[in-house]
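Q: Please take one part of the structure shown below and describe it closely, together with its surroundings. State the cut-off behind each term where it is used.

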Amino acid sequence: MVIYVGRDGVLQTARLSEQLESMKSLCADLEWLRAGVVRPSLEELESAPLIDDYAFVQRGVTALQGKVTNHPLIGTTTAITSDLYVFAPDLGWARTFSRYYRLGSPSSAMAKWLF
């Protein structure tokens, strides 16, 4: 994320506020992991988008790419996630910068790497 401040010193505080809330949410989840709580609640997973036929991609950082279903912003489409922070394929979930994802099946290339 880059925060742009113009010559007049004005910045888009709505976007900054949104990013700060995402960062706080990620930090809280990482604190829970550090404390030994390894999985999101069933309610969080039930409402999380599903990513199927997924694989790692590199775009400066590691992310997932796959067929996303029921994403709150983009609906159902092929997409690349935000930065990947926690990957728990045996538990069926991943945590990116912005949200949890339920993991469906990995892509054939990814399945060879995982198993």
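This is a predicted model: local features need pLDDT of at least 70, side-chain atom pairs count only at pLDDT 80 or more; totals for chains, interfaces and linings use all residues.

A: Helices (H or I, at least four residues) and strands (E, at least two residues) are taken as DSSP runs and numbered from the N terminus. Residues are numbered from 1 along each chain as its sequence is written, and side-chain values use heavy atoms, with hydrogens and water left out.

The setting comes first. The protein has three helices and six strands, in the order α-α-β-β-β-β-β-β-α from the N terminus on. Its C-alpha atoms fill a box of roughly 55 × 30 × 25 Å along the principal axes. Of its 115 residues, 31% count as buried, where buried means under 20% relative accessible area, exposed over 50%, and partly exposed in between, for a 1.4 Å probe and protein chains only. A contact requires heavy atoms within 4.5 Å; among contacts between residues at least 6 apart in sequence, 41% join residues at least 24 apart.

Asp83 counts as partly exposed because its relative accessible area is 23%. Leaving aside neighbours within four places in sequence, Asp83 is in contact with Arg59, Val61, Thr62, Arg95, Thr96 and Phe97. With Arg59 there is also a polar contact, side chain to side chain, at 3.2 Å. A polar contact is a pair of N or O atoms within 3.5 Å; within protein, one atom must be able to donate a hydrogen and the other to accept it, and residues adjacent in sequence count only if both atoms are side-chain atoms. Val57 is 26 residues from Asp83 in sequence, with 10.0 Å between the two C-alpha atoms.

One of the contacts of Asp83, Arg95, lies in strand S5 (residues 93–96). Arg95 counts as buried because its relative accessibility is 2%. Beyond four places in sequence, Arg95 touches Ser25, Leu26, Asp29, Asp83, Leu84, Tyr85, Val86 and Tyr100.

The largest has eleven members: Ile51, Tyr54, Ala55, Leu64, Val68, Ala79, Leu84, Ala94, Tyr101, Leu103 and Met110. Strand S1 (50–58), strand S2 (62–71) and strand S6 (100–103) each give two or more residues to this core, and S1 provides the largest share, three residues. A second, separate core of six residues includes Leu45, Ala88, Trp93 and Tyr100. Within the largest core, Ala94 touches Leu64, Leu84, Val86, Phe87, Arg99, Tyr100, Tyr101 and Leu103, residues up to four places away not counted.

Phe97, another contact of Asp83, is among the residues closest to the centre of the largest pocket, together with Arg15, Gln19, Ser82 and Ser98. On a 1 Å grid over the protein atoms alone, a pocket is an open set of points with protein on both sides within 12 Å along at least five of seven lines, and lining residues have an atom within 4 Å of a point. The space in this pocket is about 460 Å³, the volume being that filled by probe spheres set on the points, which are joined across faces, edges and corners. Helix H1 (13–34) and strand S3 (75–80) each supply at least two lining residues, and H1 gives the largest share, five. The lining divides into nine nonpolar, six polar and five charged residues; Ala, Val, Leu, Ile, Met, Phe, Trp, Tyr, Cys and Pro count as nonpolar, Asp, Glu, Lys and Arg as charged, and the others, Gly among them, as polar.

Glu44 belongs to helix H2 (residues 42–47), and its side chain reaches the backbone nitrogen of Ser41 at 3.0 Å.

Key. A nonpolar core is a set of buried Ala, Val, Leu, Ile, Met, Phe, Trp, Tyr and Cys residues joined through side-chain atoms within 4.5 Å. On a 1 Å grid over the protein atoms alone, a cavity is a set of points where a 1.4 Å probe fits but cannot get out, and a pocket is an open set with protein on both sides within 12 Å along at least five of seven lines; lining residues have an atom within 4 Å of a point.
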